[in-house]
Amino acid sequence: MTDPNLSATPQTLSTVPSKPSFWNDPQKRALVFQVLLVIGIGILLWFIFSNTLHNLEKRGIRTGFDFLSRPAGFGISQTLIPYTEASTFGRTFFVGLLNTLLVAGLGIIFATILGFAVGIARLSTNWLISRIALVFIETIRNIPPLLQILFWYRAILPLLPGPKDSMSLAELFYLHKRGLTIPAPLTEPAFVWTLWAVLGALVLAFLIARWAKYRRESTGQQFPVFWTVLVVIIGLPTLVFFLTGSPLNWDIPALRGFNFQGGLTVIPELTALLLALSIYTAAFIAEIVRSGIQSVYKGQTEAASALGLRPNRTLQLVVIPQAMRVIIPQLTSQYLNLTKNTSLGVAIGYPDLVNVFAGTTLNQTGQAVEIIFMTMLVYLVISLVISMFMNWYNKRMALVER
Amino acid sequence: MKKLLLSAAVLTAMVASSAVYAGTTLDAVKKNGAVKCGINTPFPGFANQDEKGNWSGLDIDVCRAVAAAVFGDATKVKFTSLTAKERFTALQSGEVDLLSRNSTGTLGRDTGMGLTFIGANYYDGQGFMVKNSLNVKSAKELDGASVCIQSGTTTELNLADYFRANNMKFEPITYEKLDEVTKAFDEGRCDVLTSDQSQLYSNRITLKDPASATVLPEVISKEPLGPFVRQGDDEWMKIVRWSYYAMVEAEDLGITSANIDEKAKGTDPNIKRFLGLEEGGDANLPLDKKWAYNIVKQVGNYAESFERSVGEGSPLKIKRGLNALWKDGGLQYSPPFR
């Protein structure tokens with residue numbers, strides 16, 4: 001008895017395998033499910049959105065973004081852009097945002113400088129210096145940042161004198177309970193040339209560095225890049241400044257009435273927040289720097305000195321570039337932490353985004369959904385931008401395998 | 001995959017069910033066994049907290065009156081302390097059933113936030129407190145001053161308006177909590193503390209040296225302070241409103257928590273009707289017939305509440321002033337109970 005299937009076998013083997021049915025093709029099946037999932041999530045999001053809108057409307061709560069163009073009517077203590085009580089709620093968003101960015105930006109710079117210094121001190125061969133660094137790190141990073149902010153603001157600040165008997169330096173700088181008052185620069189139109197000179201000097205410095213690198217790689221001769229660049233960056237703008245007739249005056253602060261009038265006052269809320277966050281983050285950065293430097297194999301240093309490099313050249317050319325590979329990814333997360341921690345400023349009344357926009361503006365308009373959404377979006381965007389930049393930098397610094 | 005779809009379906013169902021959230025506030029309150037009342041962070045006179053954690057004060061008494069009306073038991077209240085910034089969101093989201101937190105009733109709040117202003121249980125106005133050492137006699141001399149304020153209040157807006165109208169400059173320093181504002185003023189971070197006058201008096205007694213500061217005579221705004229409820233539940237709104245009226249009406253009728261049982265034996269039809277002792281009472285509220293009796297018996301009338309919280313029986317010693325009954329030249333007035 002012959003099985004028709006068996007007899008047909010050699011033929012089917014020789015032909016191209018027939019297409020599997022739609023449902024048996026894993027690729028197509030996966031595609032279908034993915035499309036279904038996306039549609040499902042889309043429906044869910046739409047549902048949440050329309051449901052929220054419906055409920056807000058039903059409860060008589062105003063919705064939409066019209067409030068952004070209504071006048072705000074309240075004052076803000078620190079504004080980097082012109083702002084009056086007659087400005088709009090939309091403007092309060094930018095005032096708050098800039099105040100947040102100011103603390104985050106300055107905090108990142110100070111924390112990095114202090115962190116690197118402490119991290120290197122931690123590795124010092126001097127017993128005293130390395131122990132001081134150790135105590136600093138262990139104390140600071142184990143105290144919650146909010147307590148540190150309150151410490152500077154509530155414990156240190158009240159010790160300063162009031163504005164009427166403030167500490168003064170040369171009758172120009174005044175330190176008191178309400179901040180640090182310093183002379184403010186008043187620029188004349190011709191000052192713009194000095195700014196151009198600064199830009200020009202930076203470009204020139206960049207070109208010098210490029211040229212010096214090229215020369216070193218082709219001839220092996222060293223060029224004193226650092227000192228040349230320093231002279232260019234300081235010298236050129238200074239020269240232009242005096243050639244255009246010193247177009248800069250100073251607005252000297254003077255005590256009139258309750259407070260200093262004129263000059264520039266750095267509010268104590270900013271100082272306290274900046275001090276606390278910089279020091280707190282610096283303690284973490286110090287440990288990151290220490291671990292980064294220690295991760296570079298000792299043989300590298302020995303090989304460099306065998307080649308005749310002096311110790312600081314070894315540090316600059318061999319150790320730090322390799323340590324940076326370890327340091328940068330961790331540094332990124334510290335920068336992100338610092339940025340998000342700026343919202344703690346609300347505890348001491350620093351007018352950041354959370355205080356001004358997600359605080360007062362929210363309360364005056366009652367539109368919580370829109371305002372919290374915008375605020376969260378801002379923190380998300382700031383964080384993504386920082387990590388994008390650090391990823392780019394990390395890629396540049398990564399070990400190029402040859 | 002199946003699991004994912006299933007969980008998506010469950011989530012959808014959950015969201016959908018919250019959309020049909022219904023039931024009246026009264027039902028929810030009865031089910032909870034307590035009135036969820038949003039109040040201030042400790043604030044002398046209006047929301048005092050003793051060492052055992054018990055609350056008392058003028059705003060607290062509104063919560064207690066509502067509990068007495070609903071449950072016949074003034075202690076059935078669950079208090080939630082809210083900052084100025086949190087208060088309206090907490091009420092909108094249903095975290096509290098009633099907000100009794102010296103909040104100013106304004107057009108914007110009453111119409112744009114899904115809330116209803118019940119009425120003023122305390123008529124106030126915004127004022128300024130300054131350190132005596134500054135030698136300031138009038139608010140008009142405050143040009144260039146640093147001013148401490150609580151954020152998210154009408155105070156913040158009035159202040160800006162006042163300085164703008166008088167062509168003066170100021171540096172606003174805003175904090176979230178009242179005690180932070182007071183501390184900053186005490187430590188000299190600012191020259192002036194501005195708030196409702198009632199708050200100024202109560203802040204003053206919490207200063208390190210209360211005699212070091214003075215409240216200026218100017219009152220720059222109208223601040224009718226009172227309870228808020230969510231918009232859209234008229235039944236609940238009327239319960240809260242008439243609970244407050246009951247306290248005022250009791251004072252008007254001369255009924256106190258002490259003499260109420262004696263008065264109930266009398267023959268005055270107004271009093272009998274008020275206390276729910278006469279058949280054919282006019283109240284059509286889903287409450288016990290003796291709701292007003294319970295309020296007065298357990299919480300007291302408005303005068304009792306006022307005097308023991310902020311008046312002569314308290315360290316604040318605030319005069320009745322605008323808060324006297326209408327027949328004594330004040331603004332407290334209840335529609336008739338008939």
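What distance separates the centres of domain 1 of chain B and domain 2 of chain B, taken over C-alpha atoms? In this predicted model, the two centres are 29 Å apart. Domain 1 of chain B is made up of residues 22–123 and 224–328, while domain 2 covers residues 126–221. Where the two domains meet, 16 residues of domain 1 of chain B are in contact with 14 residues of domain 2 of chain B. The side contributed by domain 1 of chain B consists of nine nonpolar residues, six polar residues and one charged residue.

The nonpolar cores were examined next. The largest nonpolar core contains 98 residues, and the residues with the most contacts inside it are Cys63(B), Ala65(B), Val66(B) and Ile295(B). Both domain 1 and domain 2 of chain B supply at least three residues to this core. With neighbours within four places in sequence left aside, Ala65(B) is in contact with Ser243(B), Tyr244(B), Ala246(B), Met247(B), Ile295(B) and Val299(B).

Between the chains, 41 residues of chain B are in contact with 35 residues of chain A. On chain B, two or more residues of this side come from each of helix H1 (2–19), helix H4 (87–92), strand E9 (145–150), helix H6 (154–165) and strand E10 (170–175). The most are given by H1(B), with seven residues. Sorted by class, the side of chain B that touches chain A has 17 nonpolar, 13 polar and eleven charged residues.

Notes. Residues are numbered from 1 along each chain as its sequence is written. Chains are lettered from A and ligands numbered from 1 in the order in which they are written. This is a predicted model: local features need pLDDT of at least 70, side-chain atom pairs count only at pLDDT 80 or more; totals for chains, interfaces and linings use all residues. Two residues are in contact if their C-beta atoms, placed from the backbone, lie within 7 Å. Helices (H or I, at least four residues) and strands (E, at least two) are DSSP runs, numbered from the N terminus. Ala, Val, Leu, Ile, Met, Phe, Trp, Tyr, Cys and Pro count as nonpolar, Asp, Glu, Lys and Arg as charged, and the others, Gly among them, as polar. Domain bounds come from an automatic or database domain assignment. A nonpolar core is a set of buried Ala, Val, Leu, Ile, Met, Phe, Trp, Tyr and Cys residues joined through C-beta atoms within 7 Å. A residue is buried if 20 or more other C-beta atoms lie within 10 Å of its own, exposed if 12 or fewer, and partly exposed in between; C-beta atoms are placed from the backbone.
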